[in-house]
Amino acid sequence: MFSFAYPHILLLLILVPVFCFLYLWARYARKKNLKKFGKIDSLITLMPLVSPYKPPLKLAIQMLALTFLIIALARPWGGIKNQKTTKEGIEVIIAMDASNSMLASATDDPNGPDRMRTAKLTLEKLINRLDNDRVGLLMYAGSAYTLIPVTNDYVSAKMFLNSIDPSQVSDQGTNISAAIEMASSSFSEDKNIGKAIILITDAEELDDMEGVMGAAKSASKSGIQLDVVGVGSVTPVPLVINGSPLIDDETGEPVRTALNEDLAADIAKAGKGIYVNASNKDALNELDKQLDTLKKSAMESSVYAQHDELFPIFAWIALILIVLDILVLDRKIGWLDKFTFFSKEGKK
């Protein structure tokens, strides 16, 4: 397969016929002007050193050089090959809480950074550490949704992570059991690869407490480690959405929300993982140590890449043609005059 990195540069090839047209027009104009001074055959004898063949030869060399130079600039590729790399790692699926409570402050200060922002920053740092591992991402509120399956494409994973916005999720709630069940079914079928779910939550107002514990224990029995990252302050703070405090319909009072650390820790314990608070500076190190306890396995990843860069070949040909053009002069070659290649018909 033959392709180009910058195919739009090939549009410059239109210059070749343009220059050829300009050359023919100049030759025609020159011949027309010479006729003003007499017959062309007579004038040629007055210019013994002028070669009628060198100018078109030089033009051909110059146009070939220009053609190869343009092709070189377009960066030709010789094809595509499948590059396979083998790495040892684990599979990690991140389950992000996208309920409205994640819009509340992550600190005791009601005007502090929201929990969602804190969670995203923490997870970006975690993904940066997953050098040899595969990562997947899902979000949950009243239901769970897969955003990206397990992959080693960390750029896409972080892009989808930053796209999560609780204010755009209509089905609200905190259905952690659905998140755990969906994450558990999203891993590869390879039983030799260590698997972990990292659950991000404030563990508040769970829809089904028994279902959550059952899902955590079921994941653990399947060999999946469940680690929980708590986000928020244990001190209740008002829940502000789009700049306005959320009001409880029954009491008429502002809704206040807090991180339920005890419940988050119980979920991690049921899943045979650990609980860490995102505000803890050692949270990522503790997660790293916990993930290191999982069995690492060789994972083959295929990356399709362009190969066989051909532009040096075209660049060298263009350079040789340019040098050749410099060496070829417009005048006749003197030593060739000793030879007669053509003779007039009938001449003896």
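Is arginine 129 buried, partly exposed or exposed, and at what relative accessibility? At 37% relative accessibility, arginine 129 counts as partly exposed. Buried here means under 20% relative accessible area, exposed means over 50%, and partly exposed lies in between (1.4 Å probe, protein chains only).

This is a predicted model: local features need pLDDT of at least 70, side-chain atom pairs count only at pLDDT 80 or more, and totals for chains, interfaces and linings use all residues. Residues are numbered from 1 along each chain as its sequence is written, and side-chain values use heavy atoms, with hydrogens and water left out.

Start with the whole chain. It has 10 helices and 13 strands. Both are DSSP runs, numbered from the N terminus: helices are H or I with at least four residues, strands are E with at least two. Of the 348 residues, 41% are buried. The chain exposes about 20600 Å², and carbon and sulfur atoms supply 58% of that area. Accessible areas come from the Shrake-Rupley method with a 1.4 Å probe; for residues, only the protein chains shown count as cover. Now take contacts, meaning heavy atoms within 4.5 Å. Among those between residues at least 6 apart in sequence, 80% join residues at least 24 apart.

Salt bridges come next. Side chains of opposite charge can pair when their charged atoms come close. The rule asks for a side-chain nitrogen of Lys or Arg within 4 Å of a carboxyl oxygen of Asp or Glu. By this rule the count is 4 salt bridges.

Arginine 129 takes part in one of them. Its partner is aspartate 288, at 2.6 Å from N to O. Aspartate 288 sits in helix 9 (residues 283-291) and arginine 129 in helix 4, so the pair ties together parts 159 residues apart in sequence.

Helix 4 (residues 115-129) also holds arginine 115. Arginine 115 forms a salt bridge with aspartate 202, with the closest N and O atoms 2.8 Å apart. Aspartate 202 lies in the loop between strand 6 (195-201) and helix 7 (209-221), 87 residues away from its partner. Arginine 115 is buried at 0% relative accessibility. Aspartate 202 is buried too, at 0%.

Valine 231 touches both of these residues. Its other contacts beyond four places in sequence include Met102, Thr118, Ile200 and Leu259. Valine 231 lies in the loop between strand 7 (224-230) and strand 8 (237-238). Its relative accessibility is 1%, so it counts as buried. Methionine 102 is 129 residues away along the chain, yet the two C-alpha atoms are separated by 8.1 Å.

Arginine 134 and glutamate 91 meet in a salt bridge, 3.4 Å from N to O. Arginine 134 is in strand 4 (residues 134-140) and glutamate 91 is in strand 3 (residues 91-97), 43 residues apart. Glutamate 91 is buried, with 0% relative accessible area.

Valine 92 is in strand 3 as well. It is buried, at 0%. Its C-alpha lies 4.8 Å from that of valine 135, 43 residues apart in sequence. Not counting residues up to four places away, valine 92 touches Arg134, Val135 and Leu291, among others.

Finish at the surface. Leu12, Ile14, Leu15, Val18, Phe19, Phe21, Leu22 and Trp25 form a nonpolar patch, with about 780 Å² of accessible area together. Patch residues have over 30% relative accessible area and no salt bridge; like charges are joined within 9 Å, nonpolar side chains (Val, Leu, Ile, Met, Phe, Trp, Tyr) within 5 Å. Leucine 22 belongs to helix 1 (residues 15-34). At 43% relative accessibility, leucine 22 is partly exposed.
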